[in-house]
Each structure stands twice: as structure tokens, then as C-alpha cells.
Amino acid sequence: MDGAAEIAKETVLDVENLTIAYETRKGDVEAVRNISFTVREGETIGLVGESGCGKSTIAFGIVNFLGPNGKIVEGNIRFQEEELVGRSERELKSLRGDKIAMVYQEPMQALNPSVRLGQQLTEALTFHQHIARNDAWERSIQMLKRVNMPDPEDVMYRYTHQISGGQQQRVVIAMAMLNNPSLLIIHNLGVVSRVSDQLCVMYAGQIVERGPVTDIFRNPHHPYTMGLLDSIPRLGESKAESVLHSIRGRVPPPNERPMNECIFAPRCDYATDECRKALPAFVEISPEHVSRCIYAREIESQPRTAKKRHIVKKCEPTSLRSPERELLSFEDLKIYYPKESQSVVSLLGLGEKKFVKAVDDVSVRLSKGKTLGVVGESGCGKSTLVKGIIGLEPITSGDVEFLGIDIDRSVSERDTNLIKEMQMVFQNPDSTLNPSYSIGKQISRPIRRFKTVPNDQVQGEVIRLLKAVRLDEVYYDRLPRQLSGGEKQRVGIARALASRPDLIICDEPVSALDVSVQAAVINLLLEIQEIYGSSMIFIAHDLSVVRFFSDDIAVMYLGQIVEIGPAEAIYSPPYHPYTEALLSAVPIPDPDAEQKQIRLGGNVPSALNPPSGCRFHTRCPRRKEMLPDNSQICEKEVPPWRSTKHGHRIFCHIPLEKLKTVEPIVHSSE
């Protein structure tokens, strides 16, 4: 067998000169142009870039899932040596979910809200394989266990809305993996740095830099790649230590992209008149590393018009508990959900009632002008906690005080003045913006309801809020569909500010945003806090973002807080073993960083029947090592709170002296 045949045999996917366009009333508009890359067996190729750069278009184009107005204009797509361009819909349908699987960024795009999750999972198997439904059911449960889904047997009977957003994503991943696909299509620079071999950086439908992932992360040679990497908060950084850089402007829509100049020039910190004379060709940095920039080889020596992140004087840690400035407090807060059982006994109203203990005995105080970050795995109770505080979920028991007033009641029963002082920014702005009303009308509604300003000043107040979130007044008359994801989230923030609240609750406000837009939104929230003195509760999965944004952090596990304290204290030993495991799982956008890997054993316990004693004992990697003669205490007794200086508290049987001996999670390559 010759060398060419050997290479062809190893190739799983070969994309060559791919151009995809969408038909519009003004003619065909190219969404991606002249894309080429190869994926070999056992190799991972990362596609990164902001929304609108063409990543999803390429993914959908591979199996021609482009919709009625999308089409492949030119190029080839060869999967396992067979050409996919021109294949029938029936042939391609047999590949989707079988040999080629996709994990969607937004799980609701892949899950049917009207069908139980078990039926959707088993269908992914029975459609592509000759397998009995009972066997498919069991394989689906096993796959849910592999993605650490708590109560997998019970989840099979639930609908999409009955699990958290992170758990929805786990279902999508499980569904993608059920048929052991030959090609898996995934969006996160930190994840890319950890799992990818090669990297393609996309901007406005083109690849602007391509090469080995370690080469690009160590030494990027395109200004866009440099901007993306500079937008990401690193695990050890905070707002007291650095400022995030965000790329100005936005990705141009396909019908406004220049054909004969560098498409990134309008947003580039290094652009000159030479960049606007012609579309740059790839410049070779090394045999495998190329960049579409005329200054690629000397980019680091080029003058830059915008400042990079800079270091400021580090603030001293402050205690979480400041009674004299206390804004919000909750003591022994519990939020339980009655368990819906499928048994005949339960349907007849007999038998013992069971409850999902979503939040169980949580106590926290928040000081005025401070930000409390809440972190933990999907389903640990973070979102339920804030929904209880804001009045969207009934509180089972406990004391909740805001501005010195008891707010243990639903939002519909609360005084208007209290509602005015507590507002929320939701994870998905599309679910909270009415597609039929203009942006101006939607922001003006809370202004009128809470009488923030006189009626004749409402329009001016809306424009002021738009400018406060870096949107021009032309957005006043636009509809939500005319805005990008980042712009919609800014509208959500503006609407939350409309009542001039004392407390803003942010539930995963940047998780669905591109890294540059994420940086801009984080900077905006920090600026708003500085100007208005608002307090914030900030929920996120990304511990790097939480560390950067928060003054204090609470770590939740299975409905309880296991560690709480100033942000800088949480990210260095001593940590609770669960916090240590969470930190070790943070994707770091630096392939040279030495990061300790901690894999938690066992299945995720059920909030319906949590473990006795310490709820983390079934998965704890430290208890037998650090409590060799008394590890059973973790199973039998509730842990004590152990306090360090500056209000840092850890809910654990292991003595602080032993927890302090733990090595830091990350050793930076810098």
C-alpha cells in the first residue's frame, strides 16, 4: 500500500474549499468562504470564533442540514473517503446521530419539550440500530451515568423543563455518544486547549489562523486570535488585579463583508491602510501554522492602538459578614419540591410523600455594594436558590430578609417597592424578551410600572439606559430579532437597571456569549456596580468568570453550601475537597499550564435521598487519605464549619491543617 492510500485510510473528514451560501431576497449571501481542514482518526480539530463566524454553518453543512435556503456553492466534504456533497436527504439522515453526532451549544435546539427524555434517548438508538426498546432504555441510563447525571432512572421519565440547563446539556452529550460516532462536532476556548490537536480560528466566514493548538495558544499570529485569548479571565485573576480586554465592534453580517480587504480590519488594533488594499493570503509561520494577516510574522512588534489588560493594586480581602452594611440575609433556607412518583400507590394518594431537597439549610449574608458568586455543578441548587430569593419559587422554610424586611413570600404577594429594589438578569435573553415589541417599549415598561421617572421623561430614561449599556439610541425602535446575542443580554441588563435596584441577581448571564462579548458584559456590570453601588448575586458554571467578578463566593453541592468566603481565599488552599475538584475541572486556555486533574468517583447522589453525614462523602477523594483512622465519621455525622481568617469557612470533617497542605490546582506557564 502506498503512502497516499495510507493517509486516505486514516482520514475521517476532509473539507476542501467549502463555500456555503444562503438564498435571500437580495440574492445569495455567502456565510462561509473557501474553508479547508482535515480530521484524522483519533484527532480533534477545534473551530473557534464569535457567533456569526460560520462555525455552526460548517457543522450543519457537513451533513447538509442547512435549511431550505442554505446550499453548498462549491467545495468537497469527504467523510470516511465518501463524498457527502450531493448525497440524498435519506442517505444523510442515516448518518446524523449515528456515525456523525453533534453536541449543540443550546440544548433546547436538540431536545423536544413535549416528549419525555427517555423516549428521546432511546429513539436515537432504535432509529439507527436493530435493538430492542428495553435494551435501548438500559443503554441510555448507563450513558446518563457516564455523564454524571443524578437520578438517571428518574430523569428518563422527566421532560426537558424539569431538569436544569446544565443537565439538559448532559442529556444532549449522552444522546450524541449513544451510537459511538466516528465524528463528534463541539465551543469553548478552554476546552479546545485541553482536547484539541489542531485549531482553526474563524472570523466572518473565513479561517484567519490555523495550526497546532499549542503553537496558536503559545504564540498567536493573528490579531483576532490575540483578542479572543485576551478576553478570557484566567483562573487566578480578579477585578482587583486586571481588566478584561474586549474586541470592539461586532462580526459583520454576511451581506456586509468586504471582498477585497482584510475582513477584520475595522475591529483590529493593528490595522493600517495596507490592510485595506486586498484580501490577505495565508502567511506561513511554520509548515503547519498559517495566519491570514500581512503582519503575521511581526505582529508582536506592531504598534497597538488599544491597551491590553493591565494590573492594578490588589485589594485586601474583606469579610463576607459586614452586618453594618447588610442588604440581604437568609438563614436555614429550604426549598423542597414534592416528588412525582409513577407508582400506583402514589397516584392513589397513599404512601409516604417524598421531596427533592433542592436547597437545604442554606445561610448567607450579602453586604451592600458587594457581589456574591454562587458556583457548583448543574442541579446543585444555584438557580433554585435565587429563584426562591426573588419570589419565583416557594420557600419551604427559613428566614429571608431584604432591606430589613421579611420576603418569605411569592413575588405576586410582595410590595411593589420591594420588587423595584430586586431585579434579575436571566441566562437566556430570548426567553425574556417579547419578539413582538420594540426594545424601547420593553425597557420603558418597568420604568412606567415603578415610576422611576415622570411619564414625560420615560423615553429619555430609556435612551440613557441604552447608552449606559453601550447601545446607541437607534436600538430604541429595533426588535429583538435584529440584535445579536450580546446585544440582547445588554438589553436585559438595561431592563434590570430600569428600576434602579439595590440588588441585581444574574443567573448565568454570560454562559451563552462569545468570549469577547462576555468580557464586554462583565466589564459593563462592574462599571454599573461602581457607578450605582448595586449589590449583585452572580451565578455561573465558569469558575474563572466567577473568580474575576465576585467579592465573595459560595460553593454549593447537593443543595448545601460547602465553602464560603472571599473570592481570593476560595481559589487557593485550603479548599473543601469538592471545591478542589471543581477547580481542577476548569478548562484553562493555556496548554502549557500544569493543572492537577481530580476525577470524582461514584455516581452523583440524588437530592431526593441525599447521603447521610457529609453529602459529599460518597465522592470525596480526600477523606480516606486525610482521615485514615476515622473516615467513617463522614458517613455518620454532619460536618462542622471550620473557619479561617477573613470569614473563609469550610464545611468539612478534615482539619484545616491538613487541607492547607493540599497543592494548588494550577501552576501557570508564565
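In the predicted model, strand S3 (residues 45–48) runs parallel to strand S8, and the two are joined by 4 bridges. Within this pairing, Gly46 lies opposite Leu199 of S8. On pairing with strand S9 (residues 206–212), S8 adopts the antiparallel sense, with 6 bridges between the two strands. Leu199 takes part here as well, its bridge partner in S9 being Gly211. S8 and S9 form a hairpin with 2 residues between the strands, in which Ala204 has a positive phi near 50°.

Strand S8 (residues 198–203) is largely enclosed by the rest of the structure, because 6 of its 6 residues are buried, that is, each has under 20% relative accessible area. In a regular strand, side chains alternate between the two faces of the sheet. In S8, both faces are covered: Gln198, Cys200 and Met202 are buried on one side, and Leu199, Val201 and Tyr203 are buried on the other.

A helical element, H17, was also considered. Helix H17 comprises 18 residues (residues 515–532), which at 1.5 Å a residue should span 26 Å. The C-alpha atoms at the ends of H17 are 25 Å apart, so the model agrees with this expectation. H17 is mostly covered, with 13 of its 18 residues buried. The residue that follows the helix is Gly533, which has a positive phi, near 70°.

Notes. Residues are numbered from 1 along each chain as its sequence is written. This is a predicted model: local features need pLDDT of at least 70, side-chain atom pairs count only at pLDDT 80 or more; totals for chains, interfaces and linings use all residues. Side-chain values use heavy atoms; hydrogens and water are left out. The expected span of a helix is 1.5 Å times one less than its number of residues. Buried means under 20% relative accessible area, exposed over 50%, partly exposed in between (1.4 Å probe, protein chains only). Two strands pair if DSSP finds at least two bridges between them.
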